[in-house]
Amino acid sequence: MNVVTETQAATRINDFVMKIATVNGTGSASANSLLMKTIFRMGVPIVGKNLFPSNIQGLPTWYEIRVTKDAYQARTGAVDLAVAMNADTYDEDLKKTAPGGYLVYDSSWPRPHLHSREDVNVIGVPLATMINHHFDNARIRTLMKNMAYVGAVAALIELDMDVIRGLVTETFGESKKHLIDGNMEAIDLGYQYVLENYACPLPIRVAHSDKTDGYIMMDGNTAAGLGCVYAGATFGAWYPITPSTSLMDGYEAFCKRYRVDPETGEHNYCIIQAEDELASIGMVIGAGWNGARAFTPTSGPGISLMSEFIGFAYYGEVPAVIFDVQRTGPSTGLPTRTQQSDILLCAYASHGDTKHILLFPADPKECFEMAVESFELAEWFQTPVFVVSDIDIGMNDWMIPKLEWDDNWEPNRGKVLDAEQLEKIDKFYRYLDVDGDGVPYRTLPGSHPKGAFFTRGSGHDKYGLYTENSEKYQDVLDRIAVKIDNAKTRVPAPIITKAKKKTPWGVISVGSSNGPVVEAIDRLAGEDIHIDYLRVRGFPFNDEIDAFVDAHDAIFVVEQNRDAQLRSLIVNETDAEKKKLKPILWYSGKVPDCRFVVNGIKAHIAEEQKK
Amino acid sequence: MTSIAKPRIEKHLLRNKLGLTLRDYEGGMSTLCAGCGHDSVTAAMVRAFYELDLEPHTAAKVSGIGCSSKTTAYFLGQSSGVNAVHGRMPSVATGAAAANGDLHYVGVSGDGDSLSIGLGQFCHAIRRNVNMLYVVENNGVYGLTKGQFSAAADFGSKSKRGEPNPHTPIDPVKLAITLGATFVARSFSGDKTQLVPLIKAAVMHKGFSLIDVISPCVTFNDHKGSTKSYAHTYEYYHPAIHADYIQPSEEIKAEYDKGEVMKVELHDGSTIALKKADEDLNPRDRGDVLAYLSHHEAQNEVVTGLLFLDEEKQDMNGRNNLPEAPLNTLPYEKLTPGAAALADLQKEYC
């Protein structure tokens with residue numbers, strides 16, 4: 001038996017990170033998901049992050065699973081257990097393993113140089129040899145090798161084999177016994193080998209707990225697609241783009257399940273794969289103009305293409321919901337890596353004076369809830385609404401509290417005059433501010449002869465007629481500004497978390513930066529540095545943001561882009577003093593951990609205290 | 001889209017089956033140049049909807065940007081409309097048609113709007129067989145920006161300054177036929193007797209109906225040397241297949257010589273009677289029509305009429321299995337899976 005040396009002897013139950021390095025296109029995603037779900041089912045909170053290339057097959061990919069008894073939502077930045085299944089990245093994986101950590105590799109081919117670090121315990125498992133001995137077909141061997149590393153890891157970190165078997169059975173279904181047996185056989189090969197050859201379990205391991213009751217694991221795109229179904233959206237148009245594709249996939253899957261008439265086979269939804277984003281947004285506007293709840297999922301490049309039409313919908317006052325699952329820019333950027341770099345793009349998309357309603361989910365639960373809310377706002381304010389998500393939220397599985405629904409909920413379709421109401425009024429004018437709230441009434445085309453109106457992107461007056469008259473043009477433009485400004489009390493309010501002690505410091509953050517910020521605040525509190533926290537969830541900004549800035553000497557604005565876009569938006573749209581807002585930025589494209597926040601805040605505070 | 005309200009003078013005007021007069025199908029006053037072909041198309045549109053006995057508000061007008069796109073303000077004043085961004089009317093029409101298939105969609109575009117910036121959307125609306133009338137008011141030139149050649153300008157056709165166009169044209173008719181369009185026609189703004197029944201047939205055809213209307217620009221492209229002028233079009237005019245639209249209740253009154261007429265029944269029981277100038281031309285054979293077009297175009301002829309028709313293909317909403325009732329009318333009960341389903345679903349995410 002090989003002796004594993006423990007340079008870091010402390011036992012860490014339910015608190016470590018394992019990172020699995022594989023080659024994309026080899027089917028490792030299901031193996032990694034199996035590992036993560038097993039830990040989740042054992043009642044232990046997890047964080048899963050997928051780092052993948054913009055490629056179909058053959059390039060390195062990593063999957064990181066943080067086992068976190070404290071249910072943090074961010075990465076730690078450390079790797080305690082590396083499962084190195086890609087020979088091309090062995091060196092890198094070894095280098096990144098924490099001192100005292102472990103590295104599992106396929107020892108079918110001996111790699112003496114992997115033993116070059118004395119502070120890393122290298123665990124060789126002859127996966128390929130064992131699998132090739134048991135399975136024939138090349139593709140099956142590739143897949144089974146993945147299952148074999150699941151088994152090896154299961155032995156090392158003491159995963160519950162019954163839970164694994166249960167998940168494998170669910171995946172294939174009871175009837176596919178040969179598939180279940182085949183996969184379990186592969187898992188067992190890895191499991192038994194490790195048990196027999198190494199001291200198991202490792203000091204870093206998993207123990208049953210009860211901290212995942214009432215939680216699910218879901219990615220944000222799926223949750224947003226589900227939200228569109230519950231919102232009553234009937235029309236979606238899209239052009240395939242990473243990382244938003246799975247949002248429409250989700251919507252379609254749920255529609256097939258819930259929206260197909262069992263008797264007639266008719267679809268109570270319509271999805272169109274457009275020729276490009278210029279068209280997908282046009283279709284959404286056409287459907288929204290006609291009174292269907294309509295949406296499009298896209299990413300930054302799509303927003304750039306849609307911009308002209310977004311301005312049209314803003315000025316013509318047509319409801320539309322746009323999901324921007326942000327990726328890195330500029331241009332094509334890193335298409336499979338994450339950033340929050342479309343904040344300004346979305347806030348002011350299109351030429352001329354425009355400003356849009358934005359919702360910022362921080363996790364898949366909020367993706368679901370804000371998807372529903374986005375349609376309410378789009379129809380109430382008759383304008384495009386953006387749900388600004390990102391790759392981290394959209395494509396990673398998150399542990400979130402179970403989604404809830406109230407069967408008494410009914411959509412508020414906004415100010416729409418129906419045939420009966422039109423019959424009663426003398427004349428209908430599309431852009432007249434009857435109620436003084438900046439929101440005019442609309443009708444659904446074809447509903448009544450009196451309700452006819454013309455939607456145009458060219459200058460129009462409050463009666464909906466073409467005009468080149470400056471006053472009449474300005475009158476409409478000013479009313480729209482009031483309308484959008486009024487949305488600040490309707491968008492989701494910021495969430496403020498007060499520090500345990502009174503403090504001059506505050507953090508403002510947004511979306512997926514929440515996880516690192518929450519953990520950073522905890523860590524800093526441990527060092528007696530206390531920080532109040534405001535998480536922005538909507539734009540136009542609620543007045544609470546001004547008040548929060550006023551109440552602190554300095555505000556650290558944490559976000560994932562180079563140019564401090566959230567900070568710029570706050571400076572532009574509130575009375576906040578620019579100097580007070582200190583940017584803390586992350587824009588590598590990788591999902592951040594809390595260290596950049598901790599270090600950033602400390603550096604700023606040191607700077608402040610020097611003064 | 002400047003428009004001035006027209007005075008309504010209704011005395012002694014004929015009324016259709018709904019008791020409406022032609023005036024009920026008109027829109028605002030045109031602000032196009034005097035003599036513009038587009039105004040004749042507008043008049044034909046008014047006449048066609050009047051003769052179809054359709055309630056004006058059951059139509060929805062869509063257009064892009066350009067002189068032609070302005071005309072949707074000049075007819076069907078009681079219909080709603082969208083004057084969208086340049087070249088992207090087809091996508092708006094697509095979304096609108098998906099949300100409510102009960103309206104009659106009338107798209108008006110130009111050769112600039114449809115064949116350059118909007119070429120992609122034009123092609124894809126055809127592919128999807130969106131149920132709409134799509135009129136290209138084709139004058140070979142950009143009017144609002146003062147006379148640049150459009151992509152429809154013929155090779156060698158001369159600009160107002162006398163320069164010949166060095167590029168080959170994009171022909172919307174041939175393009176539509178090759179893309180699988182189900183109703184393809186060409187007409188001329190100067191031939192109302194041909195255009196009015198064509199519009200009627202196109203509105204009632206269930207699927208994408210293209211009418212490419214040669215509609216001369218009197219200001220920038222009506223000179224000698226232009227192949228899109230009134231004079232040139234009249235000289236080389238070649239009506240190939242005349243189409244009459246006959247409502248379901250109507251008797252087929254027109255006298256046709258036996259063997260010359262092809263009758264095509266539409267989904268609603270109405271009929272299109274096709275009268276062919278050339279017996280050999282088969283408007284249901286794409287290859288045949290393309291060959292015919294090439295042959296006559298080699299002689300500079302402008303071939304017009306309902307050139308291709310296919311009533312069999314499903315329209316977009318049919319292909320998407322959309323319900324009988326428009327999506328925009330579905331009650332929320334039909335759309336929400338409810339709380340119990342949500343709880344049940346999440347068992348798969350544990």
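Let's begin where two helices of chain A meet: Pro516(A), Val517(A), Ala520(A), Arg523(A) and Leu524(A) in H16(A) touch Val597(A), Val598(A) and Ile601(A) in H19(A). A contact here means C-beta atoms, placed from the backbone, within 7 Å, and helices (H or I, at least four residues) and strands (E, at least two) are DSSP runs numbered from the N terminus. The residues of this contact divide into 7 nonpolar, no polar and 1 charged; Ala, Val, Leu, Ile, Met, Phe, Trp, Tyr, Cys and Pro count as nonpolar, Asp, Glu, Lys and Arg as charged, and the others, Gly among them, as polar.

This is a predicted model, in which local features need pLDDT of at least 70 and side-chain atom pairs count only at pLDDT 80 or more, while totals for chains, interfaces and linings use all residues. Residues are numbered from 1 along each chain as its sequence is written, with chains lettered from A and ligands numbered from 1 in the order in which they are written.

Back to our helices: H16 (residues 514-526) and H19 (residues 595-610) of chain A pack at an angle of about 55°, their axes 8 Å apart. That makes H16(A) oblique to H19(A). Axes are lines fitted to C-alpha atoms, for helices over the stretch in contact, and angles run from 0 to 180 degrees between N-to-C directions; under 35 degrees is roughly parallel, over 145 roughly antiparallel, 65 to 115 roughly perpendicular and the rest oblique.

Chain A holds another such pair. Helix H1 (residues 28-41) packs against helix H5 (residues 161-172) at about 125°, with axes 9 Å apart, and the two are therefore oblique to each other. Here Leu34(A), Lys37(A), Thr38(A) and Arg41(A) in H1(A) meet Val163(A), Ile164(A) and Leu167(A) in H5(A).

Now let's cross to the partner chain. The contact between the chains takes 57 residues from chain A and 50 residues from chain B. On the chain A side, H9(A) gives the most, with 9 residues.

Our last stop is Ser68(B), in helix H2 (residues 67-70) of chain B. Ser68(B) is buried because 30 other C-beta atoms lie within 10 Å (20 or more counts as buried, 12 or fewer as exposed, and in between as partly exposed, with C-beta atoms placed from the backbone). Leaving aside residues up to four places away in sequence, Ser68(B) touches His38(B), Val108(B), Ser109(B), Gly110(B), Asp113(B) and Glu137(B).
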